[in-house]
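Dear colleague,

Please find below the structure that I am handing over to you.

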Amino acid sequence: MQFHGKTAIVTGAARGIGREIALMLAEHGAYVVVVDIGDTSEIIGKLQAKKLQGMALRVDITDYLAVEVAVREILDRRGSIDILVNNASIVARGTILTMSVEQWNRVMEVNVNGTYYWCKATIPSMISQKSGRIVNITSIAAKTGDLTAAPAYGTSKGAVTTLTRSLARQLAHYGITVNAVAPHAIETDMSAEWSEEKRSGVVESLPVKRMGTPREVAAAVCYLVSKDAAFVTGETLNVNGGYLMD
Ligand SMILES: NC(=O)c1ccc[n+]([C@@H]2O[C@H](COP(=O)([O-])OP(=O)(O)OC[C@H]3O[C@@H](n4cnc5c(N)ncnc54)[C@H](O)[C@@H]3O)[C@@H](O)[C@H]2O)c1
């Protein structure tokens, strides 16, 4: 895989899975635009330390005007947007009884609207150049229903799966592919806080008997945005240690 000369946007790339996606794309030659609402100094420091190319933009992905301004800035600086990875997302805890309407709406705003906004703002330039790669990070929860999160989370990821398929159908003839990656049980800041009991329960439930790594998710994304994946669109690639095989 090589992405020299390509410009890639990765949302939610300040930490966790998004950070590794941004790093791996840059390691393979892409210029990465790291988008996050949070502090991006660590990822930018890592890119600079490895002499890789990229920049950070602080954007709340639920603000469509801010997304449009960011896309214009990227196009002005780089001339094209070749790869979009919609990774930013939030989780809500609880049940239908305990989750508030405000929590539901916020999960939908970030996970569904935020993904749609970046697609809407970037796709016109991909259509003009007759090429593009979009990968949306969903979750196993889109398929199983929520395992531990509140119902808004799985519902939002289900919506993103359907958006992925709809855009894949509508954009294929422009040379644009749209796919999803559905992770489960990936080692991140959140799982680092789990009790030993919870961790061993999760590990035991996985056929591979270990947690996944953010780099293993990043590798799946890199394949889907590569030239080699030109005939793959509308697909959701599981990265889940065999927990769900479908
Ligand atoms: N970690 C897992 O095991 C797992 C499992 C299934 C799916 N996923 C999915 O993988 C992706 C990454 O997960 P993670 O564990 O690295 O998450 P994370 O919470 O560590 O990182 C999410 C990033 O998104 C950013 N973000 C949140 N709201 C934003 C907003 N409004 N605007 C801009 N940025 C915003 C956060 O600041 C953060 O940097 C998510 O889409 C998540 O749903 C993760």
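**Pockets and ligand**

The second largest pocket has a volume of about 290 Å³. Please bear in mind that the model is a predicted one. The lining of this second largest pocket is made up of 14 residues, and those nearest its centre are Phe 3, Lys 6, Val 225, Ser 226 and Lys 227. By class, the lining of the second largest pocket comprises four nonpolar, six polar and four charged residues.

The largest pocket has a volume of about 1300 Å³. A total of 47 residues line the largest pocket, with Ser 89, Val 91, Tyr 153, Thr 188 and Met 190 lying nearest its centre. Of the residues in this lining, 23 are nonpolar, 14 are polar and ten are charged. Several elements each contribute at least two residues to the lining of the largest pocket, among them helix H1 (16-27), strand E2 (31-36) and helix H4 (101-129). Helix H6 (151-171), helix H7 (189-192) and helix H8 (196-205) likewise each supply at least two residues of that lining.

Two or more residues of the shell around the ligand come from each of the elements H1, H4 and H6. There are 25 residues around the ligand, and Arg 15, Ile 17, Asp 36, Asn 87 and Tyr 153 come nearest to the ligand. This shell divides into 13 nonpolar, seven polar and five charged residues.

In the case of Asn 87, a polar backbone atom lies 2.7 Å from an oxygen atom of the ligand. Ile 37 has a backbone N or O atom 3.3 Å from a nitrogen atom of the ligand. On its own, the ligand has 840 Å² of accessible area, and the protein covers 89% of that area.

Yours sincerely

Methods: Residues are numbered from 1 along each chain as its sequence is written. This is a predicted model: local features need pLDDT of at least 70, side-chain atom pairs count only at pLDDT 80 or more; totals for chains, interfaces and linings use all residues. Side-chain values use heavy atoms; hydrogens and water are left out. On a 1 Å grid over the protein atoms alone, a cavity is a set of points where a 1.4 Å probe fits but cannot get out, and a pocket is an open set with protein on both sides within 12 Å along at least five of seven lines; lining residues have an atom within 4 Å of a point. Grid points are joined across faces, edges and corners, and a volume is the space filled by probe spheres set on the points. Helices (H or I, at least four residues) and strands (E, at least two) are DSSP runs, numbered from the N terminus. Ala, Val, Leu, Ile, Met, Phe, Trp, Tyr, Cys and Pro count as nonpolar, Asp, Glu, Lys and Arg as charged, and the others, Gly among them, as polar. A residue is near a molecule or strand if one of its heavy atoms lies within 4 Å of it. A polar contact is a pair of N or O atoms within 3.5 Å; within protein, one must be able to donate a hydrogen and the other to accept it, and residues adjacent in sequence count only if both atoms are side-chain atoms. Accessible areas come from the Shrake-Rupley method with a 1.4 Å probe; for residues, only the protein chains shown count as cover.
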